[in-house]
Amino acid sequence: MIKNRIEDLVFQNRTKDQLIEDTLASLSGLLADVFTGDDVNELKKEFPEGIQIEDIGIQLKATAIYLDSKEFEVPCIEIAIDLVQEKTQFEIGTYSLIFNEDCEQIDEILNLD
């Protein structure tokens, strides 16, 4: 009940599901660039050796609302997605998009283990 009220307050401009979809689309574009494109950010070397794009699975890690933070403008919303190696379920890292209170993207974070 309280979760629904919080969501109604925070996600007035875009729904949580829309922000998750945006994050998945952004991650998909990033992975496509790394594995089949120009790898502009030279990230392929950061992934496990020999891994291919089809070996990577994803799981929603968290939807977080920050009211106080040293790292981000506040208030803001973080959508975090874990990347896992499908065969071994080894966690590769986490990809996050950060949105401001108007649900506009303000940051992109990729932490690879």
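Predicted model: local features only at pLDDT ≥ 70, side-chain atom pairs only at ≥ 80, totals over all residues.
Reader: Fine. Where does S96 lie, and what does S96 touch?

Author: Strands here are DSSP runs of E with at least two residues, helices are runs of H or I with at least four, and both are numbered from the N terminus. S96 lies in strand β3 (residues 90–100). Contact means heavy atoms within 4.5 Å. Not counting residues up to four places away in sequence, S96 touches E78, I79, A80, D107, E108 and I109.

Reader: E78 turns up there. Which side chains does E78 join through polar contacts?

Author: First the rule: a polar contact is a pair of N or O atoms within 3.5 Å; within protein, one must be able to donate a hydrogen and the other to accept it, and residues adjacent in sequence count only if both atoms are side-chain atoms. The side chain of E78 has such a contact with that of Y66 at 2.4 Å, and another with that of S96 at 2.9 Å. E78 sits in strand β2 (residues 76–85) and is buried, with 12% relative accessible area. Leaving aside neighbours within four places in sequence, E78 is in contact with A62, T63, A64, Y66, F72, S96, L97 and I98.

Reader: How many aromatic pairs does the structure hold?

Author: A pair of aromatic rings is described by the distance of the centres and the angle of the planes. Rings of Phe, Tyr and Trp (its six-membered ring) pair if their centres lie within 6.5 Å; planes under 30 degrees apart count as stacked, over 60 as edge-to-face and the rest as tilted. There are two aromatic pairs in the structure. F35 and F47 are edge-to-face, with 5.2 Å centre to centre and 70° between the planes. F35 belongs to helix α2 (residues 16–36) and F47 to the loop between α2 and β1 (56–66), so the pair ties together parts that are twelve residues apart in sequence. Both F35 and F47 are buried. The pair of Y66 and F72 is tilted, at 5.1 Å centre to centre and 55° between the planes. Y66 is partly exposed at 22% relative accessible area, whereas F72 is buried at 12%.

Reader: And the backbone: which value of phi does Q89 have?

Author: Most residues other than glycine have a negative phi, and most peptide bonds are trans. Q89 has a positive phi of about 60° although it is not a glycine. Q89 is in the loop between β2 and β3 and is partly exposed, with a relative accessible area of 48%.

Reader: What about C103?

Author: C103 has a positive phi too, near 65°, and is a residue other than glycine. C103 is in the loop between β3 and β4 (105–112), and C103 is buried, with a relative accessible area of 5%.

Conventions:
Residues numbered from 1 in each chain as written. Heavy atoms only, no water. Buried < 20%, exposed > 50% of the residue type's maximum accessible area, 1.4 Å probe, protein only.
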